[in-house]
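Me: I want to learn how to read side-chain contacts in a model. Can we start with charged pairs?

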Amino acid sequence: MEENILLVLSIIEGRHFPKRPHHKLVIEAKFDGEFLTTDLIKHNDNPQFNTELAWEIDKKLLHQHKLQRTPIKLQVYAVESTNLSKELIGYCVLDIRSAQLDGKKKGEWVSLLNSKYQSLKPEIKTSLILEIDQVKNDDEQKNTKKVKSILSSQNDSLGVVLDQENGYYLIGQQCNECKIFVLSVSIGGAKNLIKLLNPTSNISSENGYYFYYSLFGNDVTNETFYDLLSTSIPTERATVRICATSERLFNYLKRKNLLEIFFCSGENYLGKTTVSLDSLLVDKNFSSSLSLEGMFPILTMSSSSSDAMLGVSVVLKREEVIQEPNVSPVVPTQAHKIRPAPYDANNQKLDFSSAPKMDESQKDPYKEIPLTPPQKPEKPHIKHSVAQMQHYQNHQNKSSEENHHYSFSIDLRSLSNDSYQFPLNVVCRYVYSFFGSSSPVITHPPIIVNRGSEVLLPNSFCKFEFASSFQLLQTTFNRVPLLVEIWHKEVNMKDIFIGLAQIRLADVLLNENTNLKNGPSIKSSRVPVVSADDPAKKIGSIHVVIGLEDHGKVLTKIQVHSSASQTDSVDNTVSEHVNSIEPPRKTQEYQVAIALEMWKHQQEELFKEQLQKKENERMKVLAEEWKIRDMEREMILNKKLDEYRTLESKLKTVNFISFLVFFFHFK
């Protein structure tokens with residue numbers, strides 16, 4: 001005996017519909033990509049549908065749909081009796097979570113959204129319940145066994161489940177062949193949006209306009225804008241991580257190959273853009289990054305062509321898998337940051353066009369570190385840490401007073417949002433002066449983080465090179481943690497400081513199996529992010545990978561190739577030369593570099609001040625010109641009004657004289 005769940009939708013009747021004798025009504029119901037329709041009935045003020053629509057589904061898939069809040073969309077059409085042309089009247093959306101098992105068929109009135117009959121406000125009466133369907137006929141079960149096996153295999157292989165722990169959507173079952181893919185959808189740039197407005201509609205611009213689409217069950221909207229004449233709209237990028245085999249992902253995108261983006265104002269639907277994802281299916285193995293971008297037409301309900309266009313970009317690629325290198329990377333010996341911060345402290349973008357370009361030896365030396373799934377942060381054990389530090393004792397005693405050339409890398413991998421209900425548009429910022437730079441390192445561009453999700457931070461890797469003794473390095477790392485600030489950016493508003501993550505850099509020295517002489521020491525960990533207002537409240541976590549590598553002494557021992565005839569004065573001269581060498585931070589070159597950085601900062605501030613002054617002067621001139629033009633227009637208008645009044649009085653006089661002449665003539 002096999003049990004299945006039937007999702008039964010009862011469409012009972014409607015009200016507040018106008019009478020249209022030459023039209024009939026029909027309702028299309030869409031759930032999980034499957035359409036069901038009612039019979040044609042008369043288009044009167046109280047249509048009687050009395051129809052039940054049912055979808056067969058198993059308990060596991062039903063649970064997934066409830067978690068993803070899969071909607072049931074009902075679209076009401078008016079069909080003309082002569083040519084059978086369909087006209088969309090309105091639609092409504094039902095929540096699958098309202099359906100109860102063996103519930104009573106109690107109908108509820110639902111209003112039609114974006115209705116053509118807005119003055120009447122039509123409604124339909126529906127009910128949604130769950131029933132258990134038991135298959136008792138063995139012959140029928142044999143005949144449908146093949147079809148059911150195909151459907152169940154599709155559900156198992158193409159069912160999408162959100163894995164909150166690992167921060168991705170899983171398509172099908174987890175297996176060794178599964179890979180991590182990143183799908184990004186960006187919208188930005190539009191034209192001729194003003195042509196989508198109907199002159200007879202009563203849509204108010206006070207509600208603003210926005211674009212809406214659904215990505216893996218998540219509703220995505222861009223920021224509301226109000227100017228339809230501008231070609232620039234608030235750019236929105238949504239990124240999801242997908243875990244699946246190449247075959248499952250190919251079949252999933254082949255089945256759901258259309259991306260629908262709706263243009264709305266408030267609760268009113270103005271147009272729709274349909275983007276075909278077929279160009280992403282050229283490679284079944286997805287061995288390289290695939291993308292499609294362009295301007296797509298925005299169509300209204302009443303037209304099949306439109307001049308309004310929307311710019312859409314879709315990118316699908318594999319997530320980079322990083323492995324630990326076996327050999328120490330070759331890095332330059334000069335102390336500088338490989339990847340400088342692209343934004344200054346005032347969040348202004350800096351120009352690094354004159355900066356030296358990175359060669360292959362300067363790339364991320366830890367780019368091959370494997371990504372680890374999110375784990376709960378482990379509490380440091382003080383006694384264990386002291387025991388782990390003992391293997392550095394000999395190294396510390398020998399070279400505590402010698403300056404070594406170190407390189408330290410910080411990679412902020414990902415960030416999760418566990419507290420805030422609304423999406424966060426975040427950047428991460430940190431400063432660590434011990435590395436020789438007071439400029440903040442800021443990730444860019446800002447990235448959206450929804451609640452319960454984890455996203456990869458772009459441009460978050462930075463490497464520092466500096467000279468220091470091991471004792472000073474160890475003391476500083478133990479006493480001064482790295483503080484990573486989390487900022488929420490808003491358009492036309494001041495940035496909001498929302499959280500702080502404290503990273504213990506001394507953990508990179510606690511790796512018992514790693515010696516700095518044999519290669520870099522790498523530490524990967526997840527650090528909790530606490531609220532800026534309440535330090536005891538955890539709002540998320542950040543995945544951090546730090547690495548330290550020792551490149552040896554700053555100045556190697558001078559080898560004197562002397563013969564037996566050389567005197568002791570040569571040795572004395574060499575020893576005096578070695579002792580007279582100044583520390584790197586006290587050299588003239590270092591002081592010149594510091595002065596150059598300060599001069600650059602002063603020049604940037606001066607340039608910003610001059611630019612602001614010119615902008616204010618220009619705005620003042622434009623305001624004066626606007627006032628003059630306004631006065632000229634007002635003078636011209638008054639002059640024309642006086643002329644029209646004069647002509648009107650002359651016309652009245654002529655008409656009166658003509659009337660008198662006509663009257664006396666006939667009298």
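Reply: Start with the total. The structure holds 16 salt bridges. Keep in mind that this is a predicted model.

Me: What lets two such side chains pair?

Reply: Side chains of opposite charge can pair when their charged atoms come close. Here is a case. Arg20 forms a salt bridge with Glu87, and their closest N and O atoms are 3.4 Å apart.

Me: Where in the chain do Arg20 and Glu87 lie?

Reply: The pair links distant parts of the chain. Arg20 is in the loop between strand E1 (2-15) and strand E2 (23-31). Glu87 belongs to strand E7 (residues 86-95), and 67 residues separate the two.

Me: Is Arg20 buried or exposed?

Reply: Arg20 is buried, because its relative accessible area is 18% and the cut-off for buried is under 20%. Glu87 has 23%, so it counts as partly exposed.

Me: Show me another bridge between strands.

Reply: Take Arg429 and Glu485. Their side chains meet in a salt bridge, 3.4 Å from N to O. This pair, too, links distant parts of the chain: Arg429 sits in strand E22 (residues 424-430) and Glu485 in strand E27 (residues 482-488), 56 residues apart. Glu485 is partly exposed, at 22% relative accessibility.

Me: And how do I read a bridge within a helix?

Reply: Look at the spacing along the chain. Arg633 and Asp630 form a salt bridge at 3.7 Å, N to O. Both are in helix H9 (residues 588-666); they are three residues apart, so about one helical turn separates them.

Me: Which ring does the charged end of Arg633 sit over?

Reply: The ring of Trp626, with the charged end 5.1 Å from the ring centre. Arg15 gives a second case of a charge over a ring: its charged end sits over Trp109, 3.9 Å from the ring centre.

Me: How many aromatic pairs does a search of the whole structure find?

Reply: The search finds 25 aromatic pairs.

Me: Which residues form an aromatic cluster?

Reply: One cluster is formed by Tyr406, Phe408, Tyr432, Phe434, Phe435, Phe464, Phe466 and Phe477.

Conventions: Residues numbered from 1 in each chain as written. Predicted model: local features only at pLDDT ≥ 70, side-chain atom pairs only at ≥ 80, totals over all residues. Heavy atoms only, no water. Phe/Tyr/Trp six-rings, centres within 6.5 Å; stacked < 30°, edge-to-face > 60°. Lys NZ or Arg CZ within 6 Å of the ring centre and 35° of its normal. Salt bridge = Lys/Arg side-chain N within 4 Å of Asp/Glu carboxyl O. Helix = DSSP H or I, 4+ residues; strand = E, 2+ residues; numbered from the N terminus. Buried < 20%, exposed > 50% of the residue type's maximum accessible area, 1.4 Å probe, protein only.
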